[in-house]
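I opened this notebook to record what I looked up in one structure. The entries follow in the order in which I made them.

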Amino acid sequence: MKKIRMVVIDDSAYNRRTITKMLEGLPNVEVVGYAADGEEGIRKIIDLKPDMATLDLEMPKMDGFTMLRIVMNSFPIPIIIISSKSEDKRVFKALELGAVDFIAKPCGKISDEILKIREDLQEKVRNVFSMNMAWIKKREALSVAESPLGRKVGAAPRLVTTSTSRVDIVALGASTGGPPALQSIFSAFTEKLPFSVVVSQHMPAGFTKAFAERLNRSTAMEVREAKDGDQVIPGRVLIAPGGQNMVFQATNGEVIAKIVDPSLQDRYIPSVDAMFVSLAEIYGPKLLAVVLTGMGNDGSRGVKAVKNAGGQVLAEAEESSVVFGMPREAIATGLVDKVASLDRMAREIIIRCGIFPDFD
């Protein structure tokens with residue numbers, strides 16, 4: 001089997017050695033080079049032509065962001081960000097620039113704590129070659145050229161509700177590639193809409209608050225990291241906290257979020273399945289579930305619960321999924337109502353909610 005050739009880019013010599021040992025713990029991985037800053041990292045990628053790289057964001061001379069822009073524009077390869085939690089807001093900028101995923105360091109300082117990321121790093125490297133690099137490179141161009149509602153940016157439509165909304169709540173599940181996909185969808189919501197939205201994005205603890213704040217700046221909807229007891233109301237988006245599950249409970253005529261610890265059976269957290277199942281019991285045919293890009297099969301069990309309750313299901317098309325794992329498994333149930341590429345997903349969501357974009 002051909003080995004995966006990798007470059008490790010980090011200004012800490014200790015981290016470079018430790019990450020290299022973790023990577024070379026995989027039988028088909030070979031670390032072919034190292035770099036201590038962005039300038040050296042670019043030279044190594046040009047000279048060595050690796051299959052992928054890991055990248056620290058905070059480095060001397062040239063930081064990770066500048067390097068990422070240059071690499072993704074000139075010779076794109078899969079890049080995984082390895083970042084401390086103190087850089088949570090910066091991680092999402094890196095994902096928008098084309099990084100395929102990120103891993104949270106347990107702490108910002110140099111210590112043996114970095115060994116805790118071994119399993120996460122090895123799993124993401126194993127799965128990286130199912131990623132759609134062509135779409136990752138294309139999505140930045142799309143974001144400046146075309147609105148997610150199908151017209152050139154600058155021609156923001158008026159959203160017209162033609163009848164009482166057919167959907168009370170939209171539930172979105174995502175993993176790898178999810179943050180830029182969700183930003184693309186929410187940026188199309190140019191006014192508060194008469195339905196609620198909830199999101200389970202696979203993400204470690206400590207990052208979802210910054211993620212929610214970033215989404216909140218890109219949409220007219222109110223986006224917040226969910227807290228236990230938060231009410232589900234139209235125009236509000238609740239993001240499941242990293243490392244925990246978000247489920248729902250109907251009580252005294254209202255629906256509230258319950259933030260719970262994952263079960264031993266939950267491989268992916270926050271669990272999309274747990275969210276879909278709990279919503280199906282409450283909303284039935286008034287629920288629209290959306291399965292976006294991501295590795296694994298999270299969401300497929302929940303899709304069955306949604307359809308059994310009379311709800312609708314959308315799945316992202318392979319052509320735009322960074323990783324087609326989650327959408328593929330949802331589609332394989334035979335219960336998905338429609339498959340749509342990311343650049344059409346926002347339009348599909350609002351139309352199924354009884355709302356139509358009007359450019360006139």
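**Overall make-up.** I counted 12 helices and 16 strands in the protein chain; helices (H or I, at least four residues) and strands (E, at least two) are DSSP runs, numbered from the N terminus. This is a predicted model, in which local features need pLDDT of at least 70, side-chain atom pairs count only at pLDDT 80 or more, and totals for chains, interfaces and linings use all residues. Residues are numbered from 1 along each chain as its sequence is written, and side-chain values use heavy atoms, with hydrogens and water left out.

I noted that 56% of the 360 residues of the protein chain count as buried (under 20% relative accessible area; exposed is over 50%, partly exposed in between, with a 1.4 Å probe and protein chains only).

**Largest pocket.** I found about 800 Å³ of space in the largest pocket. A pocket is an open set of points on a 1 Å grid over the protein atoms alone, where a 1.4 Å probe fits, with protein on both sides within 12 Å along at least five of seven lines; lining residues have an atom within 4 Å of a point. The volume is the space filled by probe spheres set on the points. Of the 33 lining residues, Asp120, Glu123, Lys124, Pro204 and Ile269 are the closest to the centre of the pocket. Strand S5 (101-105), helix H5 (118-127) and helix H7 (178-186) each supply at least two residues of this lining.

**A cis bond.** I checked the peptide bond from isoleucine 269 to proline 270 and recorded it as cis, with omega near -10 degrees. Proline 270 lies in the loop between strand S12 (254-260) and H9.

**Positive phi.** I looked up two residues other than glycine with positive phi: lysine 49, near 50 degrees, and asparagine 252, near 55 degrees. Lysine 49 lies in the loop between helix H2 (38-48) and strand S3 (52-55), and is exposed, with a relative accessible area of 60%. Asparagine 252 sits in the loop between strand S11 (245-251) and S12, and counts as exposed at 78% relative accessibility.

**Glutamate 348.** Is this residue, glutamate 348, buried or exposed? I recorded glutamate 348 as buried, with a relative accessible area of 12%. Glutamate 348 is found in helix H12 (residues 342-352). Leaving aside residues up to four places away in sequence, glutamate 348 touches Leu314 and Lys338, where contact means heavy atoms within 4.5 Å.
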